[in-house]
Amino acid sequence: MVRFRSRTKIWALAVGGIAMALAFSGCQNIRFYGQAATGEYQILAHQTPIQTLIADTNTPPALREKFKDILKIRDFAAQELKLPVTDSYLKYVDLHRPFVVWNVNVAPALSLDPKTWWFPVVGRASYRGYFSEKGAQDYARQWEAKGWDVYVAGIETYSTLGWFRDPLLNTFIGEPVGDLAEIIFHELGHQRLFISGDTDFNEAFATTVALEGVRRWFAAAHQPQDYERYRRALEHDNQFVQLVMAARQNLAADYADPHLDDAAKLRRKANIIEELRHNYAKLKASWGGSNEYDGWFSHPINNAKLNTIAAYYDLVPAFQALLRENGGDMERFYNATAAIGKLPFAQRHQELNKLMGKQNGG
């Protein structure tokens, strides 16, 4: 699986549709779209071409090398992965903060069905993004007061889905080159194909593109040792995701049990989450003390937080099977994915479930 860091979801909003949305929105939505427009404008207004920064003697050497790496990654994405690089990632912005947006994720206390919101062009999404942490936390508290599970996640990357030329940001430019390649491939995957209103489809598709892209990137660079280190990190990700998905299955069974009242379900929910923490401690011991997920486990765990993992990884095996069926040919893979994406939602996910069975040997 793709390296799991703090970009559990992209935040994507077609700012060109804001005026239309404002015309039909209440005061709260006007404030939301207003902060979105302001945040996007601040990014657009403070971009500097990376070629200018490469030539600038005041640019730190390490940052200059990152920019050169990005140019190589862009070329690889266009030539080998058939991704639409256009003018994306040719400019740089230092936001002077650790995250570009903060996503608010919400779910009922006794359900894994996420709260969704409608956005122009993007359609329904299971998260709501804010360019300020305070704005996200203020909105989250409204749902907490209603008794819902809430998770606010700081996000390092985002995509405007091709409406604007997405820049490089200080929030992720410091990543190792393999992780930078993964980020670029993932976000360009969204530009290549995006199905309105289907978060799980979009994230799993882009994740699959990133996985395949990074594998090919290291192979082309003849860096087997670097790829082996990356692959071992992916193994940790896989094991972490398996723990989370198992906990979600147990929670789903708990919530659906007709013999339990709500109080009993909440007690069982607490026990399942405690068991998840215990299982992570055992897994971490098998890693020789690696603490890469300690931050995730150091904060409360609830349905909203668990859902963010499922959205990224649940359908990845289906897309991997589709890539394999198309002989690893990226163009054929994109065409086959687009064909599935045109199906009605229920039929689309039926096809993906069939592919899941093939990937799992069914």
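Tutor: A search of the whole structure finds 24 aromatic pairs; rings of Phe, Tyr and Trp (its six-membered ring) pair if their centres lie within 6.5 Å, with planes under 30 degrees apart counted as stacked, over 60 as edge-to-face and the rest as tilted. This is a predicted model, where local features need pLDDT of at least 70 and side-chain atom pairs count only at pLDDT 80 or more, while totals for chains, interfaces and linings use all residues. Residues are numbered from 1 along each chain as its sequence is written, and side-chain values use heavy atoms, leaving out hydrogens and water.

Student: Okay! Why is the pair of Phe-76 and Trp-217 edge-to-face?

Tutor: The ring planes of Phe-76 and Trp-217 stand at 85 degrees, with the centres 5.5 Å apart, so the pair is edge-to-face. Phe-76 is in helix α4 and Trp-217 in helix α7 (residues 199-220), so this pair ties together parts 141 residues apart in sequence. Helices here are DSSP runs of H or I with at least four residues, strands are runs of E with at least two, and both are numbered from the N terminus.

Student: Are Phe-76 and Trp-217 buried or exposed?

Tutor: Both Phe-76 and Trp-217 are buried. Buried means under 20% relative accessible area, exposed over 50%, and partly exposed in between (1.4 Å probe, protein chains only).

Student: What about Phe-185, which residues does it touch?

Tutor: Leaving aside residues up to four places away in sequence, Phe-185 touches Phe-76 and Trp-217, among others; contact means heavy atoms within 4.5 Å.

Student: And which residues touch the most other members of the largest nonpolar core?

Tutor: Phe-185 is one of them, along with Phe-67, Leu-168, Trp-296 and Phe-333, in a core of 88 residues. A nonpolar core is a set of buried Ala, Val, Leu, Ile, Met, Phe, Trp, Tyr and Cys residues joined through side-chain atoms within 4.5 Å.

Student: Which helix gives the most to this core?

Tutor: That is helix α8 (residues 224-256), with 10 residues.

Student: New topic: in what order do the strands of the open sheet come?

Tutor: The three strands run β1-β2-β8, with mixed pairing. Two strands pair if DSSP finds at least two bridges between them.

Student: Which are the edge strands?

Tutor: They are β1 (48-49) and β8 (168-169), each pairing on one side only.

Student: Last one: where is Tyr-89?

Tutor: Tyr-89 is in the loop between α4 and β2, and has a positive phi of about 65 degrees although it is not a glycine.
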